[in-house]
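User: I am new to this structure. Please show me how to read its features.

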Amino acid sequence: MDFHQLECFRLVAKYENITKAANELYISQPSLSMTIKRLEAEIGAELFERRGKRIYLNESGKLFLYHIENIDAELKIALSAVKKNKDRKYVNFAINASNIIKNITSDFIGQMNIPLKIIYADSKTIEQELISGDIDVAVCAPKIENEQIQSTVILLENIYVMVPYKHHLFEKKTLCLEDIKNEPFLGLNKDHEFRMYVDNLLLEKGVVLNYMSECERLASVTALISCNYLFISSYPPNVAYYSNKKMNDKVNISYKSVAELTEKRPIALHYMEDMNHNTSEFVHFFKNNYYAGIKSAIDTFFDD
C-alpha cells in the first residue's frame, strides 16, 4: 500500500465515479480501476458496492475513508513543516512573556550571527504553530502541556502588587487580600493572558479587583501607575536590564507580596524535538546563557 493508492481511493470515494476521479488524477479509467482492486486485495475487503456503471462506498469503505483522511491531513502538515524547517535560515522565536526576555535578541544575534524573527502570540497560537512548524521556539507562560512539544521551565513567577510611593500601602511590608480588594487598580486589557490568569486566581479566592484603567502592554505600566493605582505584576517589567533596586528608586514603586498569593506561574522554553541547526543553536544558547542571567538579575533585585 502506498500514498498513490490512498489518493486514488480518496478521489473515487469523493466522486463515487471512476471517470471523474481518473480525470482529476490524469490517469486512465482502467488503470484507476486496477489500483482500487489491488488496494481492496491488500486490505482483504471490498470498499465499494458496484451497481452497473456507478459505485458507492460500503460500510468498510466509509470506515477506511474516515481514517485515511486523518492520515492525509497529518501528512500534509508534516511535509509542510519539514520543508519550512529545512529551508528556513532564521529562527522564528515566539513570546507571550516579553517582560523577561528583553536582551535575548541582541545577545543571540551578536554572538551567534543567526537572524532572529520575534513573534508576539498568545499561548494557544504558539502551541498550534510550534506543531505546524511556523514557530521554531517560544518562551511562553503558562507552560504548554502537549506531549508533542518539548519544554524546559526557566522561571517560576511569583505574584506581586506594584505600589506607587504616594499610596497609603507603600510603607506596608506585606499585603493581604483584605488590603487590596477595594483599592483602585490599573490592569492589562481583559483578553491579556496574564490579566486572565490573575483574575481567575483571585476569583477562586473570592476577590474581584476594582479596575479603574486598562493598558495594552506592560511597558505602559510605570507611566500610568503614578496616578496612584495599584498593579498586579509578576517579576518587574524589564527586570533583565537591572541588577539592583535602582528601578524602584527611579520610578518610586515598591513591589509587595500578598500573603494569600503563594501560587507560582511557570514560564517555559518550548520547542520541537526535531529542529534544524539554527534552532538547536538558539535553544542551547538560551539554556546555557540567558536563563542564568535572568535568574541572577531577579534574585539580586529582590535581595538587595
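**Reading the model, feature by feature**

Analyst: Start with a helix pair: the crossing of α1 and α2 is right-handed. Keep in mind that this is a predicted model.

User: Which residues make the contact?

Analyst: From α1 come Glu7, Cys8, Leu11, Val12 and Tyr15. From α2 come Ile18, Lys20, Ala21, Glu24 and Leu25. By type, they divide into 7 nonpolar, no polar and 3 charged.

User: How should I read a nonpolar core?

Analyst: Begin with the general idea. In soluble globular proteins, nonpolar side chains tend to be buried together. Here, the largest nonpolar core has 29 residues. Val161, Ile180 and Ile232 touch the most other members.

User: Which elements give two or more residues to this core?

Analyst: The strands are β7 (160-164), β8 (184-188), β10 (231-233) and β11 (253-257). The helices are α7 (177-180) and α8 (193-204).

User: What does isoleucine 232 touch?

Analyst: Leaving out residues up to four places away in sequence, isoleucine 232 touches Ile159, Tyr160, Val161, Phe185, Phe194, Val198 and Leu209. There is also a second, separate core, of 20 residues. Among its members are Leu6, Ala22, Phe48 and Leu65.

User: Which peptide bond is cis?

Analyst: The bond from alanine 141 to proline 142 is cis, with omega near 0°. Proline 142 is in the loop between β5 (137-140) and β6 (150-157).

User: Which residues have a positive phi although they are not glycine?

Analyst: Glutamate 16 is one, with phi of about 50°. Tyrosine 26 is another, with phi of about 60°. Glutamate 16 lies in the loop between α1 and α2. Tyrosine 26 is in the loop between α2 and α3 (29-43).

User: Is tyrosine 26 buried or exposed?

Analyst: Tyrosine 26 has 77% relative accessibility, and the cut-off for exposed is over 50%, so tyrosine 26 counts as exposed. Glutamate 16 is partly exposed, with a relative accessible area of 22%.

Terms used
Residues numbered from 1 in each chain as written. Predicted model: local features only at pLDDT ≥ 70, side-chain atom pairs only at ≥ 80, totals over all residues. Heavy atoms only, no water. Left-handed = near helix turned anticlockwise from the far one by under 90°. Helix = DSSP H or I, 4+ residues; strand = E, 2+ residues; numbered from the N terminus. Contact = heavy atoms within 4.5 Å. Nonpolar A, V, L, I, M, F, W, Y, C, P; charged D, E, K, R; others polar. Core = buried A, V, L, I, M, F, W, Y, C linked by side-chain atoms within 4.5 Å. Buried < 20%, exposed > 50% of the residue type's maximum accessible area, 1.4 Å probe, protein only.
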